[in-house]
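Subject: Structure handover

Hello,

Here is the structure I promised to pass on. Please open it alongside this note, and my findings follow below.

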Amino acid sequence: MADFSTQAPSSSPLFSPYKMGKFNLSHRVVLAPMTRCRGLNGIPQAAHVEYYAQRSTPAGLLITEGTLISPTSSGFPHVPGIYTEEQVEAWRNVVDAVHAKGSIIFCQLWHVGRASHQVYQPNGDLPISSTSKAISEKWKVLMPHGSFGAFSEPRALNTSEISQVVEHYRQAAINAIRAGFDGIEIHGAHGYLIDQFLKDGINDRTDEYGGSLENRCRFLMEVLKAVVSSIGAERVALRISPAIDFLDAFDSDPLGLGLAVIERLNSFQREVGTKLTYLHVTQPRFTLLDKAVSTVSEEERDYLMQKWRKAYEGTFMCSGGFTRDLGMEAVAQGNADLVSYGRLFISNPDLVLRLKLNAPLAKYNRDTFYTNDPVVGYTDYPFLAKANETD
């Protein structure tokens, strides 16, 4: 068995320092946000403290799982929120443990919109969305006891109600900073609420939030401006996925949609005189990993990502099925400043070290991704030294 502890680390720029706004990162490998369903009754647990601390590295960046901004936000069992005092206090324990390891941690703010079921909604109400169209039966919602069912028909928000949802994002961002988080990431991707406004394959509104690109970007920009006005642009990031068709979230012009969002981000950054912390873009490769149909070829994917990367005036993060080699290539070729890893980080709490040393990676078990167990499939994956001891 090779002794990887004595092996020289890679000199790839993926492992080189990077200045991300006011944060000085020691490497470019980021923990991607991933739903894990361990927040019993919406409250982060002691297991969360251990899980995030395990994946912390000095001056490394972690992004939390999607964190609910309001009681209407959920579409999974036992997802943590950040809209009550109890949740804020519980997250503070996580943040303190991560900071003790020298890491930086952002909270991803999440509202699933129509990607939900009435069982998750207050009083069994219909989920809210930009539309009243339901997600097709091609996709299934995870029910509270582990079975899968059809997504509920949503209720299209009245124009007058949208400002209330914007306020939920704003207050959640304030709560995250109160909990000690270094910043927040607005989840505007993967077929969830903000994406339901952005994509013309979903948004069928006839008011000022539907139709044109300007109108479809309106909700996102209102959320962004509200959050920035409360906690500052240097603490705010955004995730988008213009070319992802996850949960029926397709657009007739993904390139144009991505450029429209980026144009507005650039203009807003110039207006406030401060750049967002980063823009996080998911590659279409993400859908292939979940056996979804992608309408974007590899060549088109690379073209889109390069166009968006070139257009955005700030730190650009990529995610979506990256391997060690693909991550090193993306940074070396200037196609990304940072690369976020999801599944590989689940089964390799010391992923950064393993990637640096080109050490073997532990395999993940998909069957335990969304269980409630606080240990199995969550905090029990081995570190490199222990893995060597058992081989």
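Cys107 has Ile184 of β10 as its bridge partner. This is a predicted model. The two strands here are β5 (residues 104–110) and β10 (residues 183–188). They pair in the parallel sense, over four bridges.

Both strands belong to a closed barrel of eight strands. Its order is β3-β4-β5-β10-β11-β12-β13-β14, and the pairing is parallel. On average, neighbouring strands of this sheet are turned by 25 degrees against each other, direction ignored.

Next, look at β13, residues 316–319. Which way do its residues point? Phe316 and Cys318 point one way, while Met317 and Ser319 point the other way. All of them are buried.

With β12 (residues 279–282) the sense is parallel, over four bridges. Here Leu279 has Phe316 of β13 as its bridge partner. With β14 (residues 338–341) the sense is again parallel, over two bridges. Here the bridge partner of Cys318 is Val339 in β14.

Helix α9 (residues 298–311) lies across β12 and β13. It runs at about 160 degrees to β13.

Now the cores. The largest nonpolar core has 84 residues. Which of them touch the most other members? They are Tyr169, Ile184, Ile186 and Phe219. Helix α6 (residues 218–231) gives this core its largest share, nine residues.

Phe219 deserves a look of its own. Leaving out residues up to four places away in sequence, Phe219 touches Ile162, Val165, Val166, Tyr169, Leu193, Ile194, Phe197 and Tyr209.

Last, the packing of helix α3 (residues 162–178) against α6. Their axes come within 9 Å and cross at roughly 35 degrees. The crossing of α3 past α6 is right-handed. From α3, the contact uses Ile162, Val165, Val166, Tyr169, Arg170, Ala173, Ile174 and Ile177. From α6, it uses Phe219, Glu222, Val223, Ala226, Val227, Ser230 and Ile231.

Best wishes

How values were computed
Residues are numbered from 1 along each chain as its sequence is written. This is a predicted model: local features need pLDDT of at least 70, side-chain atom pairs count only at pLDDT 80 or more; totals for chains, interfaces and linings use all residues. Side-chain values use heavy atoms; hydrogens and water are left out. Buried means under 20% relative accessible area, exposed over 50%, partly exposed in between (1.4 Å probe, protein chains only). Two strands pair if DSSP finds at least two bridges between them. A nonpolar core is a set of buried Ala, Val, Leu, Ile, Met, Phe, Trp, Tyr and Cys residues joined through side-chain atoms within 4.5 Å. Contact means heavy atoms within 4.5 Å. Axes are lines fitted to C-alpha atoms, for helices over the stretch in contact, and angles run from 0 to 180 degrees between N-to-C directions. A crossing is left-handed if the near helix is turned anticlockwise from the far one by less than a right angle, and right-handed if clockwise.
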